[in-house]
Amino acid sequence: MVGGDLTPDEARQRLSEIMDRELPFVEKAEQALEFGKAYLGVDNGHLTKIDPQTDYWEAISSTDLEGPLAAGQIYDLRNTYCRRTLQQDTSVALHNVPTQGWGDDPAYETHGLDCYHGTEITIDNDTYGTVCFVSDAARGPFTAVETMFAELIARSLEHDLQRRQQKNELTRQSNLATVLNRVLRHNLRNSLTVIRGRAERIAEQFPASAETQSLVDQTDRLLDLSEKARVLESVIAEEFDREETSLLSLLDRVIHDVAAEFPDASITLEEADDVTLAVRPSLERALYELIGNAAKHTGAAPTVTVSVEAVPNAVRIRIDDNGPGLAKIEQRVLTEGTETPLEHGTGLGLWLAYWIVTSHDGTIEATVTDDGTCMSIELPRNAATTAQDVHERDEPTIARVQDKFRAVFDEASDAILIADDDGRYIEANERAADLFELPKPSLLGRSIREFVPDDLDFKETWAEFQATDQDRGRLTIVSANGTERIVEYSAKPNVVPGQHLSILRDITEREKRKEEIELAETVFQNTQDAIFLIDVIEPDEFRVQRVNSTYEELTGLVNTDIQGKTPREIAGDEIGADIESQYSQCVAQQETIQYPEEIPVDGEQRHWETKLTPIIEDGEVVKLVGAMRDVTARRERTDELSRLDTALETVLSNVPIVFWTTDDEGVFTRSQGGALAELGLEAEEVVGDSLFDVFNDYPDIKAQARRALDGEAVTATNTVGDTVFEAWFQPVQGDDGTLVGTAGLAYDATDRDHRSEAHTE
């Protein structure tokens with residue numbers, strides 16, 4: 001056993017050599033675990049990632065290459081010994097689990113390990129996981145030296161993890177900043193270009209106004225700001241060499257360009273001996289921003305004086321103006337390159353100048369007096385070249401960049417995540433935690449494959465992504481709670497070697513709305529009703545927004561011809577006033593109304609049934625959705641049936657018969673005929689009464705009625721009082737063949753019977 005072959009000092013030295021090797025972390029961890037396994041005389045060693053809040057346990061690195069605890073295996077923390085390790089402040093050392101009273105522990109029942117030694121690893125005071133060594137069989141008790149060595153392995157891996165995290169942080173932040181800057185600037189510029197185009201169209205359609213011009217001017221200002229952000233990014237990342245340059249010639253060129261942009265400004269370059277200095281091309285932009293700022297903000301008659309002189313070991317450029325003085329916020333940008341959370345400069349021009357000058361190892365000072373502002377730029381003749389000089393100069397600048405883009409990362413409205421080569425999240429913002437429905441600490445360390453549908457071949461997809469330069473698309477993810485969300489993503493591999501950025505935007509609701517809109521549009525265009533949408537401009541002003549194809553077909557009115565018009569403009573004052581009256585009623589009641597209308601089409605009168613539904617926003621009706629149905633044919637049929645019914649009633653009332661109908665329970669639904677008088681009844685008098693009650697004293701009639709309700713056609717002769725009736729009962733069936741009632745007809749046959757009796761006599 002290695003523990004018997006090496007002294008503790010030799011073992012520590014061997015471990016130190018392993019940890020000093022330039023290897024990927026997982027490979028280094030495997031070597032450290034392999035050495036620890038041999039030193040402790042156990043079967044295997046494991047490095048785990050644990051989330052105590054969700055009882056998540058996964059083997060990140062393991063000497064057990066194909067066993068149940070191999071790297072990538074996931075278990076419930078509650079079924080592992082590691083849960084006990086997290087519950088106490090010291091390592092857990094179990095050399096013989098059954099004899100130490102742990103035989104009924106869930107971990108023993110799950111894994112059957114008789115030996116376990118575990119130590120917790122924390123990163124930034126948060127649990128990362130454990131380093132544990134295990135064996136199937138029991139062994140002798142762990143010695144104090146062995147426990148200390150196991151803990152040393154855990155601390156060494158913990159330190160390496162922490163160091164790698166800190167080492168990658170600035171690079172990740174810088175790359176993330178670049179990506180975010182490009183994404184946000186690109187989106188900003190695209191949106192502003194659209195806004196500006198629409199603002200110009202508004203200006204062309206309506207008389208010129210200060211508001212319209214202000215909109216265009218502000219849009220131009222933001223576009224200029226976006227361009228300066230692009231330049232600032234290129235300055236930060238530039239790698240141009242310095243070249244010996246005549247500063248007088250450079251300043252003369254800059255002043256010429258600024259004077260062309262601000263013709264009202266008086267800009268003078270004082271005569272002096274020429275000075276040359278090794279500078280980068282970007283210095284011209286910095287001088288343009290500073291001189292231009294003086295010319296722009298000095299007042300109605302700006303005066304700017306520029307001078308250059310050699311000073312010990314440096315060159316000084318002065319820019320004096322007669323303006324009101326540079327604001328303290330802007331002064332802080334020039335001297336410190338900082339802003340406070342509550343104070344921000346007005347643009348990026350001074351930021352750009354600050355970055356360029358400091359990249360030349362120079363300084364800017366702003367002095368404000370009653371006479372104006374003096375900008376003093378000093379550029380050293382010999383740039384800092386030692387690593388220490390560069391480090392001391394860049395460290396505060398990098399810290400500021402880190403702080404600023406950390407704020408962008410944290411406050412972004414989209415989910416932003418960074419994953420390692422294995423597809424495990426190592427960084428995420430709060431929006432990502434919301435999207436995946438997990439606390440941020442619980443999300444870190446989880447694999448992307450846990451959040452994609454089962455039918456996606458994650459291994460192949462992840463490998464393809466890592467081989468690309470950039471990827472965009474749409475994906476369905478499954479949150480920790482099982483919620484499916486549709487996201488648009490933009491992803492870039494290796495923003496830092498081995499770290500991969502993805503930006504996710506949840507478009508689930510947008511897609512649902514899109515489907516709803518598509519469904520609504522399908523219904524809108526294919527329904528048999530004439531659908532129309534009305535914009536409510538004022539409570540008494542209504543204009544057509546659009547109509548469907550059925551509306552065009554039924555009314556003969558074309559959508560493009562009536563869009564934006566009022567009902568009076570479309571249908572004339574009289575009919576239009578009636579229509580607007582109904583619209584006003586719907587707006588006032590703020591509820592759906594239905595009503596009949598008579599609106600002619602091509603000179604012919606048409607009858608319509610119309611339904612209006614209000615669309616309410618913030619307590620006000622903003623639109624009306626209307627549905628019209630042409631009921632002209634139905635109205636004509638109804639009128640014809642009414643006329644026929646009137647004629648039938650006239651006939652029946654003058655003929656000695658009785659005509660009746662009942663429902664399926666024998667209740668009269670109609671009762672007419674001239675023979676009703678023989679029964680002492682009037683037309684419709686018994687409607688609503690049961691036939692069995694009305695003829696309760698006539699068992700034969702009731703029996704005949706029951707036979708008809710059972711589906712049998714019945715013919716019979718009945719005597720009621722002194723009147724003899726010849727009667728027919730007929731069952732009535734519905735469209736589906738079920739009995740819905742009966743119909744009956746009886747005529748007065750008294751005279752016929754009397755004649756028959758007389759003939760017999």
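Q: Before we start, what makes two aromatic rings a pair here?
A: Rings of Phe, Tyr and Trp (its six-membered ring) pair if their centres lie within 6.5 Å; planes under 30 degrees apart count as stacked, over 60 as edge-to-face and the rest as tilted. By that rule, ring pairs link Phe532, Phe542, Tyr551 and Tyr583 into a cluster.

Q: Okay, and what kind of model is this?
A: This is a predicted model, where local features need pLDDT of at least 70, side-chain atom pairs count only at pLDDT 80 or more, and totals for chains, interfaces and linings use all residues. Residues are numbered from 1 along each chain as its sequence is written, and side-chain values use heavy atoms, with hydrogens and water left out.

Q: How many aromatic pairs turn up in the whole structure?
A: A search finds 16. Take tyrosine 81 and tryptophan 102: the ring centres are 6.0 Å apart and the planes are at 50 degrees, so that pair is tilted.

Q: Where do those two sit?
A: Tyrosine 81 is in the loop between strand E3 (74-76) and helix H4 (82-87), and tryptophan 102 is in helix H5 (residues 98-102), so the pair ties together parts that are 21 residues apart in sequence. Helices (H or I, at least four residues) and strands (E, at least two) are DSSP runs, numbered from the N terminus.

Q: Are tyrosine 81 and tryptophan 102 buried or exposed?
A: Both are buried, meaning under 20% relative accessible area, with exposed over 50% and partly exposed in between (1.4 Å probe, protein chains only).

Q: Switching to charges, what lies over the face of phenylalanine 142?
A: Arginine 139 does, at 4.1 Å from the ring centre. Likewise, the charged end of arginine 446 is over the ring of tyrosine 56, 4.5 Å from its centre. To count, NZ of Lys or CZ of Arg must be within 6 Å of the ring centre and within 35 degrees of the ring normal.

Q: And strands? What do E12 and E13 form?
A: A hairpin, with two residues between them. Strand E12 (residues 363-369) and strand E13 (residues 372-380) pair antiparallel over seven bridges; pairing takes at least two DSSP bridges between two strands. Valine 368 stands opposite threonine 373 in E13.

Q: What's the strand order in the open sheet of five?
A: E15-E14-E18-E17-E16, with antiparallel pairing. Strand E15 (425-428) and strand E16 (471-478) are at the edges with a single partner strand each, so one side of each has no neighbour in the sheet.

Q: How many bridges join E16 to E17?
A: Eight, and E16 and strand E17 (residues 484-496) run antiparallel. Glycine 473 stands opposite tyrosine 489 in E17.
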